Every structure is written in C-alpha cells, then in structure tokens.
Amino acid sequence: MASNYSRGLHYRDVDSSLTLTKRNFLKAAVGGLLAARYGAAQPSSATQPQLRPPSVPLIACDPYLSIWSAGGLLADLPTTHWTGHPNRLTSLVRIDGKVFRIMGKDPKNVPALPQKSLFVHPTRTVYEFEGAGIHLSLEFFTAALPYDLMILSRPLGYVTWTVRATDGKAHDVSVYFEANGEIAVNEPSQAVVWHRVPAQSVNALRIGTAAQTMLEPKGDDVRIDWGYLYVAAPKSERQTQAIANARHARGQFAASGTVSDSHDLQMPRPVNRNAPVLAFAFDLGSIEAAPVSRWAMLAYDEIYAIQFFEENLRPYWRRGGANAVDLLTQAANEYSSLRKQGSAFDRELVEDLRQAGGEQYAQIASLTYRQCIAGTKIASDTNGQPLLFPKENTSNGCIGTVDVIYPMAPQFLLFGSSLSKAMLVYNLEYASSPRWHFPFAPHDVGTYPQANGQVYGGGEHSEVNQMPVEETGNMLLLLAAVSRIDGNASFAERYWPTVQKWAEYLKQEGLDPKNQLS
C-alpha cells in the first residue's frame, strides 16, 4: 500500500487560467436547477434585509484556523473556534483618549462602539461602526480565490480598520488588535512558548505549544496544537507590538494608545494562566473626513497538514519549500492586489447567484462559500499535486468522507474540474489498492488529520454499518461530472477497473439494496 501512495499523482495540474466567465454552460445548468427549486430569479433589492448568520465567519481558512463570531453584535461575545471553544480575537479603538470595544466581550468595563451593519461576502466580512465622531469599518478578508491554489491554500486572513471623521472635526485615533494564545492549543491547560520573528518587511509575533504533537490529535471536537500562530503587520504601518498578559496589554493601550515593545518572558506556561496574547497597536493619527486605514495579518503555520497513509504531507502553500516568514512576506506584498481580486470575485459570484436564485439565495450562498472552504484543507502530494481533504465537522471527524464530498462538489465544480479531482483522487487510489477488499466505494480515508484508511463502520474489515450504494453512486456521479467538464473521461480512465466494478455493483445491488446504514 505504501508504494501506491508514495509515487504521487499524475492528473492534470490546476488550470490557473480558469475564470468565472469561462463556465457559461455551467451557469446555465445551475441557474436552471435553482430556478426550478426556488422559483424564478429575483432582482437585487436594497430593501431586502441583510442576512445575519447564526455565526459570522471572521478568519475561516480550514478546519483548524476557523474563528467565528456568534454574538448578535461583534462586541457581544468572545470569538470562538467553529467547535464553540474560545479562540479569542479582541479589537479596541481609542478616540480622543477614550477607549471603545469593537470586537470581543472584554474588557467588560469598556463600552462598545455602536455597530451599524454587517455584510458577509464570499471572501470578506465587513462590520461598520459609528460613534464619538467617527465611522469605522472593520474588514476580515480571506483570499479564497479558487483560480489560484497557492493563494487559496494559505492559512491566513487580513484584518483592516478604516476610519474617517463624521462630524467635521479632527479626532486622534488608534486601534488595538490582540490574538489569544488559545488559538494554538487544543486545551487551555497546554503550555505555550512565544517569540518575535525576524522578517525584513513585516513585524511578526508567534506563539505555539511547547510540546508540538505533530498531527497527533485526531477527531471531531479537536483543535490544532502543533505549528504556530502568527500575527504580523507591515513595518510601514505606525505601530507597536507586544507579547504580554492580555490585561496588561489592554491597560497600556487604554492609557497611551500603544503597547510596550518589551515581551513577557514567563514561558512556557499554560494558556489559561495569565493569558498570553499577541498584541498590536496602530496609530492612525489625526483623522478628518478622508479615510485612513491600518491592517494586520493572522496566519497559522501548521508545518505539516495531513498524514496520508503514514506519510506526513506539507500544506499546499509549502510545496515549493516556503516557510512562515515567506508566507507573511508574500501575503503582505500582495495585500492590495488580493483585496482588489477578492472584491471583483465577490461581485461576479454574487451577481451569478442573484441571477440563479435571487437576493436571499445570493446571501445564503455567500456564507456557504466561506463555510465550504473552511471545512477543507489542501495538502501537497509527493509530486506537488493538490489533495483537497474535507473534514466531517460536528460528526465523527472523518477525513475525505464521500458523502461529504458529494454535496460540496457543486461549489468546486462551478470553477472547473481540478479541485474536484483533488477531492476524488485519493479515494480512487485507495479503492484501487490491495487494502480495499470490497466491490463498492469507501466511506472515508481516516480520521482528520490522519488519512490512514477507512475508520467508519466495519472499516476495511467488514460490511457492518457501511453505505455501499450511496457512496458508490456518489463517486460515479462525480466522475461523470468531471468528465463532462473536461470533455473526456481520461481522469476516470486511469481507474477504469475500479469504475467498472462499482458500476456492476450498482447494477446488482442498487435497485433493491440489502440492509445498509444509509
């Protein structure tokens, strides 16, 4: 089995020239299906209420770097990991010496700046605040651009504050951003260490566990506890940084609009003891009617992303040997360009969604796009080809589950066949190997992040609690969809004996299935 996987995959690499405008037949097909399901497309209307998601995506890149806000307002509750465990991000604004909260529940004695609106786009979440003579926009941007896998695979989000005066007066403004060390642990009792990171064009701070249990924790309600969390900002921004106890750093900001450049040296220590945070304070100067912006990056370098049949795979963005400093430097250099690309992508996708299903459908599908991307991880195989692994969230934590891939597939198929192939190929390789003894398709390839063989039901050993008709039908339908997009069946042809075996199985069992789980 090991030799089957160590040789890597040889399907056609990603077509980086793919754009949304090249999928006319898909738009027509999707639009027709949605019109049949939801009725004729409705025109865009500014009077329709904006969707308020049950939980709002902030930094949502993959199953581990996945931070959300479940509060009615951004300052109502602490931000959390998708599992509901605290992954706290905090932001404050200091206006003419008075401090207000704009993200997070703490400090409780600091009033919240009134929030006016929230918009969730396919790649961006934008909050608007007004008070004390200023308007503040807080934008969370993940460059989830499906036509560039190196960028799509980055575990990194941008946070941008834009401030302008609203009362005709000048106001002295600074903003504070803090990431809690709990983002780098599975349990808050785990000890962490932290450092300032030398980099040429950015100021960067990092924190991670002292133990570094590489790819060991697995399951559903599990958070990453290896690799390192980074907060960084370009050196060109007027800023101060500190790794300190949260209360100390916030107190400094409230008093002076800055944080001390001296760092807490009491490490390693558990996250739940005097909460170490990565803190930045940005000086925006005297603000008048012209908007002024500052921005930062939050990233997570997992070093290794997935264990694939006992072999540790790098995340796709690391496939050429890049490290965390490379990631931060390149992402900083591309900030302006990527924001423009993200805005253009959002406009085009949302307009297509409106045409397909109306304004409410466009709002729901924009959220769905973020959720779908955040539920997957792109790793690099030994030949540098992408493998797209979904995690079965709020379930049993399986990885590469076929009945999760199947409902996700329309989103990826919309942008071409490459990402779909990256989800199908490891299941095809596994089912075509000597380890898989059954005439039907597997349910999964392991428990996230360890893709070492099916764990569900009878696993590789029996048909107990398997879903053979469902999973086999899913795989054949997805192979047919990929073939339709490519205009040929060359991808499926590599696995033709397995495809034929599955087809024969469905002919015999599909019309009158025996007892199965589903």
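What follows is a chat about the side chains, strands and backbone of the structure above.

Visitor: Before we start, what kind of model is this, and how are residues numbered?

Guide: This is a predicted model, in which local features need pLDDT of at least 70 and side-chain atom pairs count only at pLDDT 80 or more, while totals for chains, interfaces and linings use all residues. Residues are numbered from 1 along each chain as its sequence is written, and side-chain values use heavy atoms, with hydrogens and water left out.

Visitor: How many aromatic pairs turn up in the whole structure?

Guide: The search finds 26 aromatic pairs; rings of Phe, Tyr and Trp (its six-membered ring) pair if their centres lie within 6.5 Å, and planes under 30 degrees apart count as stacked, over 60 as edge-to-face and the rest as tilted. One of them is F141 with Y158, whose ring centres are 5.7 Å apart and whose planes are at 20°, so this pair is stacked.

Visitor: Where do F141 and Y158 sit in the chain?

Guide: F141 belongs to strand β8 (residues 134-141) and Y158 to strand β9 (residues 156-165), so that the pair, 17 residues apart, links distant parts of the chain. Strands (E, at least two residues) and helices (H or I, at least four) are DSSP runs, numbered from the N terminus.

Visitor: Is F141 buried or exposed? And what about Y158, buried or exposed?

Guide: F141 is buried at a relative accessible area of 0%, and Y158 is buried too, at 1%. Here buried means under 20% relative accessible area, exposed over 50%, and partly exposed in between, with a 1.4 Å probe and protein chains only.

Visitor: How are the rings of F308 and F389 arranged?

Guide: Their centres are 5.8 Å apart and their planes are at 65°, so F308 and F389 make an edge-to-face pair. F308 lies in strand β18 (residues 306-308) and F389 in strand β21 (residues 386-390), 81 residues apart. F308 counts as buried at 6% relative accessibility, as does F389 at 0%. Both are members of one aromatic cluster, together with F309, Y426, Y430, W436, F438, F440 and Y505.

Visitor: Which ring does the charged end of R206 sit over?

Guide: The charged end of R206 sits over the ring of Y228, 3.8 Å from its centre, and that of R314 sits over the ring of Y304, 4.0 Å from its centre. A charge sits over a ring if NZ of Lys or CZ of Arg is within 6 Å of the ring centre and within 35 degrees of the ring normal.

Visitor: Switching to helix α4, which of its residues are buried?

Guide: In α4 (residues 246-256), the buried residues are A246, A249, R250 and F253. They cover an arc of only 95° around the axis, which puts them on the same side of α4; the arc is that of the directions from the helix axis to the C-beta atoms. R247 and A255, on the other side of α4, are exposed.

Visitor: What do those buried residues of α4 pack against?

Guide: They pack against β4 (89-95), β5 (98-103), β10 (171-180), β14 (239-245) and β16 (276-287). At the start of α4, a side-chain oxygen of N245 comes to within 2.9 Å of the backbone nitrogen of R247, and after the helix comes G257, with a positive phi near 80°.

Visitor: What about D264, where is that?

Guide: D264 is in the loop between α4 and β15 (269-270), and at 18% relative accessibility D264 counts as buried. Leaving aside neighbours within four places in sequence, D264 is in contact (heavy atoms within 4.5 Å) with W194, I243, A244, N245 and R269.

Visitor: Which peptide bonds are cis?

Guide: Most residues other than glycine have a negative phi, and most peptide bonds are trans. A cis peptide bond joins M267 and P268, with omega about -5°, and P268 is found in the loop between α4 and β15. The bond from Y448 to P449 is also cis, with omega near 5°.

Visitor: And what is the phi of D96?

Guide: Phi of D96 is near 50°, a positive value in a residue other than glycine. D96 lies in the loop between β4 and β5 and is partly exposed, with a relative accessible area of 44%. A132 has a positive phi near 55°, lies in the loop between β7 and β8, and counts as partly exposed at 41% relative accessibility.

Note on methods:
A polar contact is a pair of N or O atoms within 3.5 Å; within protein, one must be able to donate a hydrogen and the other to accept it, and residues adjacent in sequence count only if both atoms are side-chain atoms.
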